Each structure stands twice: as structure tokens, then as C-alpha cells.
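Colleague: Can you open the model and go through some side chains with me? I'd like to start with a charged one.

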Amino acid sequence: VMAFWILNESLSILLGLSWLGVNLYLFIDTFSWYEEEESFLYTRVILGSTLAWARASAVCLNFNCMLILLPISRNLISFMRGTSTCCRGPWRRQLDKNLKFHKLVAYGIAINATIHIVAHLCNLEHYRWSQSTEAEGLLAALAKLGKTPNESYLNPIRTFHTNTITVLLTTIAGVTGLIISLAFILIMTSSTEFIRQVSYELFWYTHHVFIIFFISLAIHGAGRIVRGQTPESQLLHNVTFCKDHYAQWQTAAQCPTPQFSGKEPSAWKWVLGPVVLYTCERIIRFWRFRQEVVITKVVSHPSGVLELHMKKRNFKMAPGQYVLIQCPSISWLEWHPFTLTSAPQENFFSVHIRVAGDWTEALCKAFGAGGQARKESWRLPRLAVDGPFGTALTDVFHYPVSVCVAAGIGVTPFASLLKSIWYKCESHTQLKLSKVYFYWICRDPRAFEWFADLLLSLETLMSERGKAHFLSYHIFLTNWDENQAVHIALHWDANTDVITGLKQKTFYGRPDWNHEFRQMAYTHPSSNIGVFFCGPKALSKTLQRMCRLYSSADPRGVHFYYHKESF
């Protein structure tokens, strides 16, 4: 039972453990190699075990930097999502967690970068101390190598009085390491949820520091500060014997002076493929940026939502997909994700944009929304559209029963889905999907305005087709004043809801999810039920817990599969 639950509900945990396992393997294997490899025996005399700590964390850093760009390559993920042969069932659902994996890899980079930095700071101190008068024996002999023309040095710090900060600021490894650290700190701190909510633009701009990060990473090892014995020197100079006869290196034929060289930089080999792939991603985006987008309709809703209808050559979409929109007159760099609210059967595509930041506010003003004078079509700003890209919602039609839960403006992805259902039913298309439960939790009654007409037309069509049972929708209003409450009470016996105009009355408060899931599990005892959500994190955790709680341990029973919209 546990194995079945893990396979179907927590494959992401297995993938996370696999990622962790590869990191541990690379770290332990590299650590052991540097602790035992003869070519670095003399290096270990000076540095001790911090050599292995620095190198092992460096390999893990390279591995995670190789992975960090893959989850945000949207065209790659959309391609994989559309390839049914390689992404089916639970594997397909992992694509919905691309941003979660992106963050996980970022934490891996942060941990290994911390280990790497601390280890190298210790290494610099060890290098410096080996030049002191207190150093003696083999340690002192190794530190002094490189003073004659025929010798190569092992210790990059040549005197005890050398300042380690000077070494950091005057070497390739030091300067690039400092740049990499600062760039990564900027990226991580600006990616916090608080910063993204307060200033999405700050998050967007600082995230592009990753270009400097990868350039610095590629040349970080070019300085070759950490050195080991050359293969040619190892053939002539047997370290097992000669390490105990260091006083005779200059005179004994069997122990010539050892020669050292830095390890060839390898970071670029790890990240070259993903960087090339991401570069292709940006080239595709630029090509789409150049394509003309015709704005056919602009609607300003009183609830502070801007509706845009657009057309673009060869634009093909599926329900639940999203696009990235750029407005050059506002910013040449910023692309913002918006879910499509139109259906594939319509001859246009549309988005609904709520004012939720500087960029969206500027966009609404540019289109004359918010009570401003309506602009003529030729005066509207130019928009660039990249996409569409697949999301979790595209899998709604793969289940016999689907549960769609939206909170606030999170209803926009489901507009496309419900429109698509309307068109499919009108054309008598046979669907695997036989039942849809739709929940919408909203604070402001005005927000129902643009969505109520869609629900009303779908409700009417289902009744005409004899499929009134196909769609069960539940609208919950969580915020209303006393006057509204009185008005609602006076008209409660009316045939239609006083707020939405629909036959189904609006509920007040929040759903009892235990009751709702228990009822669905009872109604569909042997079904696979897809649960799709778009909204805040707190409600997402609740729904995820409900899916686990009410899924049967019996493979023949009811199973809830959770999907969350993420951009």
C-alpha cells in the first residue's frame, strides 16, 4: 500500500531523493579521491582535508549549476509535456513541479557554495601559514618550492606577510569567486516571496544576474590555484618514498624536485549544454517577440480587471495554457505570465489582467483602463507574446472526473477550460471527462461579473443537451457587508442567484473541504479524480492534504491526483 501511494502521489519525493543521492555520491566519491590520490599528496600536506572539502563541494556545485536552467526552459517542458511516449501518468505530473525543483536545486547550490567558500578560506590560511617561520619539515620544503627557475610552485602565497584579501582581489579565482557569490546572493534574496509580492520587477531584473554568474563560473578555475603533481613528475618522483627524503630532493637522482600544475577547469563542461539549450530558448523568445500581435478588443471590467483579445499568426493553444507578455513601451526586459482565458475553438486568444503591481498598473493605464478615456486601436501600445506553454490544467480531460478549485483571480485558467467544454459539448465531441466539479472562492462580489456570463451560457447549454449533471459548480463569497447581506436575504427565494444570476445559489463563507472530498469519494468510489488548483499557497496545502487523506489504499478504490498551477 505504501509503495503504491509513493508511486502515485509522491514520485516527486523519489525524484528529490534521487537528486540528493547523486549529490551525496558525487561529494563522497570526489572527497575520497582527493583524500587518497597520490598526485595531491603534497597538496594535502599543506591543506589537509579542506582540499577534499573544497573540491567535493565544487563538483556538486557544477552538477547543480548544470540542472538549474533546465526547469525554467519552458519550451523544453512544453515539448516534453506534449510527448506522450515519454511523459505519462505520474511522470507527467512531475513537470508541473518544475519551479519547485528549480528552487530545490538553488538550495543545493547555496549549501555547496557555502562549503566551498569556507573550505577555500581555510585553504588560503593554510597556504599563508606554511610560509611562516613556525612551519618546518616537509611542509616548509613544499612551501619554498618555486624559488628557483627550474621549480614549479605548489603554494600560490609566496610570503607569510601576504594578505589573503589581496590574493582574493588579484587572482582570477578570487575575483570570479567574489562575483559568483555576490550574484548568487542577489538572485536568492530577491527571489523570496516577500520581494516578489512587493516588487516583481526587482525580482525579474536581479534574476538576470545569472548571466554574470555563469560567465564567472566558466572562468573561475582558469587561475588553477589548487595544484597537484604532474603525471610526468610522478614517474620520476615516487611520493611514497621521496616524501620522507625531502632534504635530498636537490641531490638524489631517485628524488628529483617534484613539478606541479593546476587542475584543468571543468565547470564549463558541466554547464555548456544547459546554457546552449537556454540560449536557444531565448532565441525562440526573441523570434516570437518579433511576430506581430494584433489587439482586437479591450475590455475594462469594474473589478479592476483588464481583458485583452489578441490575434497572432499560427497561434495554437490548449485549455489551461499560459503566455508570457511583454510591453516594450513599459519595459524591454520584463515578461509576465498570464493564463489564457479563451478557448482553442475561438478565432482569438485572450487574457484577463488584474492590477497587482507597477507593471500591470502601467499596462492598464497604457490601454486606457480604470475609468480613463478609451484609446483608438492605432494608439494602443505594442505587445509581444511568447507561448503558449503547457501547465497542469491541460490534463483536465485525461480524467473521468475533474475537480477545479480557484481562489480570486486564480479563476482565469478555468475560463479557458469551461469555454472549451462548452464548445466540445456543442459539437457533440466524445469526452473521457464525464464530470466536472468547479469551486470558486472569492472576496469581492464584483469579481463575478466577467465570469458569470460564461457559467450561465454553459449552464444553459448543458441543460439543453441533457447533461445538467456534467458540471457542478460551487461559488463561495468570503467577504460582504451588512447591506449586501440584507439584499441577499430578501431575494433568497428567487429562481436565480442575486449576485451571479445563476440557478446555483452562491455560498457564503469557506468550503468544508472534508465534507466535499468525502462526498466526491462516496459518489465516485472507483475513479481516478484529478484535482486542479490555482490560488494561494495555504489553500494549496489544504487541498493536497485532502487528496492524500481521501485517496484509497486499495488500488481499485478512488484516488485523488493533485495538480497546482505554477508559472
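Colleague: Is E264 buried, partly exposed or exposed?
Modeller: Keep in mind that this is a predicted model. E264 is partly exposed, because its relative accessibility is 48%.

Colleague: Which residue does E264 meet in a salt bridge?
Modeller: Its side chain meets that of K269, at 3.9 Å from N to O. K269 is partly exposed too, with a relative accessible area of 49%.

Colleague: How many salt bridges does the count come to?
Modeller: Six. Another one joins R285 and D386, where the closest N and O atoms are 3.1 Å apart.

Colleague: What parts does that pair tie together?
Modeller: R285 is in helix α16 (residues 267–290) and D386 is in strand β8 (residues 384–389), so the pair links parts 101 residues apart in sequence. R285 is buried at 4% relative accessibility, and D386 is buried at 1%.

Colleague: And E361, where does that lie?
Modeller: In helix α17 (residues 358–366), along with K365, four residues away, or about one turn of the helix. Their side chains form a salt bridge at 3.6 Å, N to O.

Colleague: New topic. Which residues touch the most other members of the largest nonpolar core?
Modeller: Y42, L142, F213, F214, L217 and W249, out of 53 residues in that core. Helix α4 (residues 50–67) supplies the largest share, nine residues. A second, separate core has 27 residues, including V411 and F438.

Colleague: What does L217 touch?
Modeller: Leaving aside residues up to four places away in sequence, L217 touches N62, C65, I180, A267 and V271.

Key. Residues are numbered from 1 along each chain as its sequence is written. This is a predicted model: local features need pLDDT of at least 70, side-chain atom pairs count only at pLDDT 80 or more; totals for chains, interfaces and linings use all residues. Side-chain values use heavy atoms; hydrogens and water are left out. A nonpolar core is a set of buried Ala, Val, Leu, Ile, Met, Phe, Trp, Tyr and Cys residues joined through side-chain atoms within 4.5 Å. Buried means under 20% relative accessible area, exposed over 50%, partly exposed in between (1.4 Å probe, protein chains only). Helices (H or I, at least four residues) and strands (E, at least two) are DSSP runs, numbered from the N terminus. Contact means heavy atoms within 4.5 Å. A salt bridge is a side-chain nitrogen of Lys or Arg within 4 Å of a carboxyl oxygen of Asp or Glu.
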